[in-house]
Amino acid sequence: MSACHLKEKKTLCFGGERNASCAALSSGRDCGNLRHPKCYLHVAKEDRLTEPTRPDPWGERLPRRLGLWSAVAVVIGSTIGSGIFRTPALVAQKIDDVPLFLLAWVIGGAVAICGALTYAELAAKFPRSGGIYVFLREAFGPLPAFLFGWAELLIIRPGAYGAIGITSSGYALRAVGLDPEAIAMAGVGVRADQLLGAALIILVAVVNYHGIRKGAVLQNLSTLFKVGALAALILLGFAFGSGMGPGEMLSQHASVATSPFLLAMVSILWAYDGWADLAFVGGEVQRSPAQSSQSTLHRDRPGGCRST
């Protein structure tokens, strides 16, 4: 039991009395308000408050169990998805000019970096689960956030997961010598890649249902395999390539219209997509007391934990 829950000790963190342990942790600062991050983290550590019932200083009720490397794996694993294995060939068909082809990928990467840096600032300001929903609610009010939330649930995410699942299952079936377009369920006309893609989505959902730790392990393993696959493709390209030099490669020019270039940019941005996904689990990412104090100074109140 935490000292903040023992009335006989009269050291409630909610009241105005000083908690000696919490004060020592805060280096002498007054600690009379549980909403201050250091008070909350101290009480949670003593009392093992991992159940999603008591809100933290930002109003989040989910336990923060995602560490730094798990959060990095979420970003890498979400960005390096099925798109990067499928879209380069489609982009090359639309942009037959090699310098323009490379420039398109550089532009897409710059857009992704700008978006990721923007979301990093927003996620640090509002470390809540929900991602774009939270940002829209804080910026424009509840109605746009409400509409986006339902669109995300019913249209955006199901479509994205379906595309990723079918692409992944198609590559998996080809790897074992099976035809992805073969009819797996003749009565309803379901193809093999569709059936396996649905099974993969259900598997990921079941793992995440059993806890954030198991989901993080699955995310880390899948990220490791995807990064390894990309590294293997790069090494194979250097090992078995035609030996064309950079000058000869960049000298391959062709006429490219504006419409094909812009269509190719859509595919490129889809391949880069995923940098915003960590914000959706922002309420489950661990935060150090120093980071928490810096981001919640505006929340401090008289009688609570005041920083000097």
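Which side chain meets that of Glu-152 in a salt bridge?

Analyst: It's Arg-157: its side chain and that of Glu-152 meet in a salt bridge, at 2.5 Å from N to O. (A salt bridge is a side-chain nitrogen of Lys or Arg within 4 Å of a carboxyl oxygen of Asp or Glu.) Before we go on, this is a predicted model, where local features need pLDDT of at least 70 and side-chain atom pairs count only at pLDDT 80 or more, while totals for chains, interfaces and linings use all residues. Residues are numbered from 1 along each chain as its sequence is written, and side-chain values use heavy atoms, leaving out hydrogens and water.

Back to Glu-152: this residue is buried, with a relative accessible area of 9% (buried is under 20%, exposed over 50%, partly exposed in between, with a 1.4 Å probe and protein chains only). Arg-157 also has a salt bridge to Asp-277, this one at 3.0 Å, N to O. That pair links distant parts of the chain, 120 residues apart: Arg-157 sits in helix α7 (residues 142-175), and Asp-277 lies in the loop between α11 (258-272) and α12 (289-295).

The structure holds 4 salt bridges, and another of them brings together the side chains of Arg-137 and Glu-138, at 3.7 Å from N to O. Both partners are partly exposed: Arg-137 has a relative accessible area of 27%, and Glu-138 has 45%.

Arg-137 takes us to helix α6 and its meeting with α7. On the α6 side you'll find Ile-132, Tyr-133, Leu-136, Arg-137 and Phe-140, and they meet Pro-142, Pro-144, Ala-145, Phe-146 and Phe-148 of α7 (contact means heavy atoms within 4.5 Å). Helix α6 covers residues 132-140, and its buried residues are Val-134, Phe-135 and Leu-136. Those buried residues pack against α5 (98-125) as well as α7. Just after α6 comes Gly-141, with a positive phi of about 105 degrees.

How do the two helices lie? The axes of α6 and α7 come within 7 Å and cross at roughly 160 degrees, which makes α6 roughly antiparallel to α7. Axes here are lines fitted to C-alpha atoms, for helices over the stretch in contact, with angles from 0 to 180 degrees between N-to-C directions. Under 35 degrees counts as roughly parallel, over 145 as roughly antiparallel, 65 to 115 as roughly perpendicular, and the rest as oblique.

From α4, the contact uses Gly-83, Ile-84, Thr-87, Val-91 and Lys-94. From α11, the residues include Pro-260, Leu-263, Ala-264 and Trp-270.

One last stop is Ile-76, found in helix α3 (residues 68-79) and partly exposed, with a relative accessible area of 32%. Setting aside neighbours within four places in sequence, Ile-76 is in contact with Thr-223 and Val-227. Ile-76 and Val-227 are 151 residues apart in sequence, yet 8.5 Å apart in space, C-alpha to C-alpha.

Technical notes:
Helices (H or I, at least four residues) and strands (E, at least two) are DSSP runs, numbered from the N terminus.
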